[in-house]
Amino acid sequence: MPRPELEEITFSIDGREVAAPANMMLVDAAKRGDVEIPVFCYEPKLGQPVGACRMCLVEVEGIPKLQTACSTPVKDGMVVHTQTERVRDAQAAVVEFLLVNHPLDCPVCDKGGECPLQDISFGWGGGRSRFIEPKRHFQKPLELSPLVAIDRERCILCYRCVRFSQEVAEDYQLILQERGADTYVATFDGHPYVAPFSGNITELCPVGALTSRPYRFRARPWDIEQSGSVCTLCPSQCNVSFTVRDERVLRVLGRDNEGVDDGWLCDKGRFAYQAVHADERVTRPMVRDGGVLREVSWERALSEAASGLGRAKGRVGAVAGGQTTNEEGFLLQRLMREALESPNVDSSPFGSRPRADLVALANPRLQATVEDIEFAHTVLVLDCEPIDDAPILDLRIRKGVRRQRTKLAVATSRPSALDPNAIASHRFAPGGGADFARALSRGDESVREFGDALRAAGEEIVIIVGERSASAAVELAEALGLADVGGAGIIEIPAQTNGRGLREAGCVPGSGPGYAEAPDGLSTPQIAGALDAGELTSAYLLHVDPLRDLPGSGAWAVGLERATTVVAHAAFLTDGVREHATVVFPAEGHPEKEGTIVHPDGRLQRVRPAIAHQGENRPEWQVLAELSARLGVETGVMTAGMAFQQLVAAVPFYAGLTLDVIGGRGVRWPERAQATGLPEAPAPAAAPAARDVAPSNGHLRLGTFRSIWASVEVEASPALKFLTARQRAELSPDDAQRLGLRDGERVEVGVNGTRVRATVALRHDAPPGTVFLEEGVAEDAANVLSGEPLVEVKRS
């Protein structure tokens, strides 16, 4: 779908000639002439203006009545006045009416000092009130949710929070109750406002009516500093600003970047900063002594790690995950391939694909951008759930459907939150995403109707695909001819935050930095098997606990038990680390990190430190460089910047990049001329077809997913503990009735003696014959059942 064409026009405002795009709202166009028009209800991210507060009234020549600048598009030759007596009187009257019932809470209000109402009262208000009558009162403050407090006396009824709930997040929970002076914000059913994006309303609120409960009374604006960085808690990689006081993160705000996040944050990104300061966090190195992990000096920990890894030279396997930066991944593969003479390094939980597939997936001609989602003719969501895998992409998809009339098609094994917005939905068996994509490519009769719906709207198609089916998505994109269509292509959501960056840094077997050829090595599942078989004797775990984060946790438990040396970088002692690690290096929190990561659409972004390292933490690139030196390979890396320079020198399509060029908004390398440095893709190998096993003898197909809340950071953050993911078995009502189960009942799910306990959750749109379990939860994770096509479900 073509982007709106921008025609430049000229208009006059307060005697100044200003150039702006035609039909831009006057309040925005005025800024180009350095003229500020006050607003309360207006927020471009929320969509079409509503003109509710009337604060932006201006005078337009030729129109007898004052006009709201937020809803008046500029036209060529328009003459606008914002400083006439008539305008000033109107604006002062609006301020006066807003303050009639507004309490004088400024000395104790969290918004004080950074409050638009304060600023506008000083700049445009009359300076005194003529009202002496009693003000309106509500019970205050109330818990709108465990994360948000509401003070209804302060509310000015700007509608921002309600519009966000109904028009952006589309959770439809917030409404306005009553009428007139008695109007107040509430939830539709009186229940707490619990939703993945609820925290955004605290940032949208122009007064102190909606405040963050974790931040309440923690600091004043003159006590704090803001530090820009990137959230590394999921592949969305949202741009954030950390609010810091005395080397502690007290709050996280969105940092608008239209190419990444539109300024929104999910609640995990907004509130999980508390995990950085949790008491149980690992902040000193640890070594297993007498069967127990004990805190030791850095010298001893580094010595033990280097000694153990050195004895296993050539027989070490490494897995990178979680929040690993490009620089850390680059140094890890150097440590493995150069110092330990072992090619067994991977960053994919499912096992890396052939190098040919990785190069084809990185083809610049097939790279869609986040903004393309909004303007595409059709978006195909394939084998992924954006609300869990990359939450901000869920909002961008909804924005395109709502504002640009983008068509949405959804093909997943598990019911999707986007199904109500889709023109076509298709369910396939768990693990069947790649086969479905190839069937679409061939135009098979079984998917003909879905394929017709996909193509009907136009040729600009964006495919948002999960990592497991990404290679098949390349075949589909080629069949659809997307390589030659602007605004079309693929966005792969990797299983790990920086999955794409780690591949480009060489953290995959058989592929070096920049997808250069490298000796074949073992993939993640193969490393587990080799540890079990004794072919490998040591493991290096960088930001990953195999028992929690990787499929096949049973095989990993056996393999790690047999390993002689297990070195782990961890922020918390999760089960796998606590039980099997011989050396633990404290992992940095994302507000402490320095480095770069790569967004799923190919945008390199800078991760900048906002606070000093807690406890005795050290930069992890430094730990990797020190280990390499102790094992006989001097990397020459003394700073994070030097590691980045080595990475750029090793990756041809990064050539010419500097940290200054990346800056605060990132750079998409597929758009640069140096993208031609991507190597030619070798011929891909034929992919084996997945085998769909039909349910039988009371057994059901097993599907797995990972919730946005299945994270150690969520569990360690006091504000988010109520959202901690717990195992549930999602069934269709028909299957539950056949098995004699009820919603909320406790069951056991398993096969061959391996079982997990779960709570039945009935989903009316769940495909029959299938049960879905959650991976990555602290207890009874489905990882232990990975690879089992059929499972038995029975009452506990």
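This is a short tour of a predicted model, one selection at a time.

**Stop 1: the largest nonpolar core**

Start by selecting Phe-164 and Ile-201. Of the 64 residues in the largest nonpolar core, these two touch the most other members. Now colour the elements around them: H2 (85-99), H3 (116-124), strand S7 (148-150), H4, H5 (200-204), strands S12 (239-245) and S13, and helix H12 (391-403) each supply at least two residues of this core. Helix H4 gives the largest share, four residues.

Stay with Ile-201 and show what surrounds it. Neighbours within four places in sequence aside, Ile-201 is in contact with Leu-144, Val-148, Cys-161, Phe-164, Leu-174, Tyr-193 and Leu-210. Elsewhere there is a second, separate core of 57 residues, and its members include Leu-332, Tyr-515, Val-583 and Leu-657.

**Stop 2: aromatic rings**

How many aromatic pairs does a search of the whole structure find? There are nine. Are Phe-164 and Trp-264 buried or exposed? Both are buried.

Next, select Phe-436 and Phe-450. Here the arrangement is edge-to-face, with 5.3 Å between the centres and 75° between the planes. Phe-436 belongs to helix H13 (residues 433-442) and Phe-450 to helix H14 (residues 448-456), so this pair ties together parts that are 14 residues apart in sequence. Phe-436 and Phe-450 are both buried.

For a group of rings, select Tyr-515, Phe-653, Tyr-654 and Trp-669, which ring pairs link into a cluster.

**Stop 3: charges over rings**

Lys-45 lies over the face of Trp-264, 4.2 Å from the ring centre. Then try Arg-251 with Tyr-215: Arg-251 lies over the face of that ring, at 4.4 Å from its centre.

**Stop 4: helix H19**

Select residues 553-562, which make up helix H19. Its buried residues are Ser-553, Trp-556, Gly-559 and Leu-560. Turn the view to look down the helix axis: these buried residues fall within an arc of 120°, so they line one face of H19. On the other side, Glu-561 and Arg-562 are exposed.

What do the buried residues of H19 pack against? Their partners are strands S16 (316-320), S23 (538-542) and S24 (565-570), together with helices H17 (524-533), H18 (546-549) and H20 (575-580).

**Stop 5: helix H21**

Move along to helix H21 (residues 620-630), where Glu-620, Trp-621, Val-623, Leu-624, Ala-625, Leu-627 and Ser-628 are buried. Among the elements covering these residues are helices H7 (298-311), H8 (326-339) and H22 (640-650), along with strands S23, S24 and S25 (583-586). Just after H21, look for Gly-632, which takes a positive phi of about 100°.

**Stop 6: Ile-597**

Finish with Ile-597 in strand S26 (residues 595-598). Ile-597 has a relative accessible area of 1%, so it counts as buried. Apart from neighbours within four places in sequence, the contacts of Ile-597 include Val-230, Thr-232, Gln-237, Asn-498 and Leu-604.

Conventions:
Residues are numbered from 1 along each chain as its sequence is written. This is a predicted model: local features need pLDDT of at least 70, side-chain atom pairs count only at pLDDT 80 or more; totals for chains, interfaces and linings use all residues. Side-chain values use heavy atoms; hydrogens and water are left out. Buried means under 20% relative accessible area, exposed over 50%, partly exposed in between (1.4 Å probe, protein chains only). The arc is that of the directions from the helix axis to the C-beta atoms. Contact means heavy atoms within 4.5 Å. Rings of Phe, Tyr and Trp (its six-membered ring) pair if their centres lie within 6.5 Å; planes under 30 degrees apart count as stacked, over 60 as edge-to-face and the rest as tilted. A charge sits over a ring if NZ of Lys or CZ of Arg is within 6 Å of the ring centre and within 35 degrees of the ring normal. A nonpolar core is a set of buried Ala, Val, Leu, Ile, Met, Phe, Trp, Tyr and Cys residues joined through side-chain atoms within 4.5 Å.
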